[in-house]
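Here's a quick walk through a protein model, one piece at a time. Have the structure open and follow along.

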Amino acid sequence: MSYLPLLQAAPNATSTTGSFGSLIVTVVLMIGIFYFFLIRPQNKKQKEMEKMLAALKKGDKVVTIGGIHGVVSSTKEKTVILKVDDNTKLEFNRSAIASVVKPEAEKKDAAKAEAKDEKKQDKENK
């Protein structure tokens, strides 16, 4: 069997410039989607984290990436000393700080916990 007719172009074949143009549009569209849904939010989150780490000061309540809660005792250029107990201080890299605990958030969490406890007691009393 001869494969020569399959390799030759058909006599009334259409141009491929239309499909090439649509391919370029598709690739540009995919790059745009990746940028707006993956790259841009990640960069924004990283800038917020750097801003938070630069704003650390003595007395801030923080949580480390390991889950240790403490109060900033002092700060250095690249490290932070946390007071985790009455006589215990630990030194961490700034990058090990996951978040700063805001007092309003603590109050809201405590209020939610109290509300749940009250609902639980009400159910038990019924």
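Start with serine 73, which is buried because its relative accessibility is 17%, and the cut-off for buried is under 20%. Keep in mind as you look around that this is a predicted model.

Serine 73 sits in strand 2, which covers residues 69–75. Which residues touch serine 73, once neighbours within four places in sequence are left aside? Its contacts are Lys58, Ile81, Leu82, Lys83 and Lys89.

Zoom out a bit and you'll find five strands making an open sheet, with antiparallel pairing and the order 4-3-2-1-5.

Strand 2 pairs with strand 3 in the antiparallel sense, over four bridges. If you want a spot to look at, find valine 71, which has lysine 83 of strand 3 standing opposite.

Now follow the chain through strand 3 (residues 79–83) to strand 4 (residues 89–93): these two are also antiparallel, and five bridges link them. How many residues lie between strand 3 and strand 4 in their hairpin? There are five. Within this pairing, isoleucine 81 has glutamate 91 in strand 4 as its bridge partner. Isoleucine 81 also turned up above, among the contacts of serine 73.

## Helix 3 and proline 103

Helix 3 runs over residues 103–125, and proline 103 is part of it. Is proline 103 buried, exposed or partly exposed? Proline 103 counts as partly exposed, because its relative accessible area is 48%, and that class lies between 20% and 50%.

Last stop: helix 2, residues 17–54, where you'll find methionine 30. With a relative accessible area of 45%, methionine 30 is partly exposed.

Methionine 30 belongs to a nonpolar surface patch of about 960 Å². The patch is made by Leu29, Met30, Ile33, Phe34, Tyr35, Phe36, Phe37, Leu38 and Ile39.

Key: Residues are numbered from 1 along each chain as its sequence is written. This is a predicted model: local features need pLDDT of at least 70, side-chain atom pairs count only at pLDDT 80 or more; totals for chains, interfaces and linings use all residues. Side-chain values use heavy atoms; hydrogens and water are left out. Two strands pair if DSSP finds at least two bridges between them. Buried means under 20% relative accessible area, exposed over 50%, partly exposed in between (1.4 Å probe, protein chains only). Contact means heavy atoms within 4.5 Å. Patches are made of residues with over 30% relative accessible area and no salt bridge: like charges are joined within 9 Å, nonpolar side chains (Val, Leu, Ile, Met, Phe, Trp, Tyr) within 5 Å. Accessible areas come from the Shrake-Rupley method with a 1.4 Å probe; for residues, only the protein chains shown count as cover. A salt bridge is a side-chain nitrogen of Lys or Arg within 4 Å of a carboxyl oxygen of Asp or Glu.
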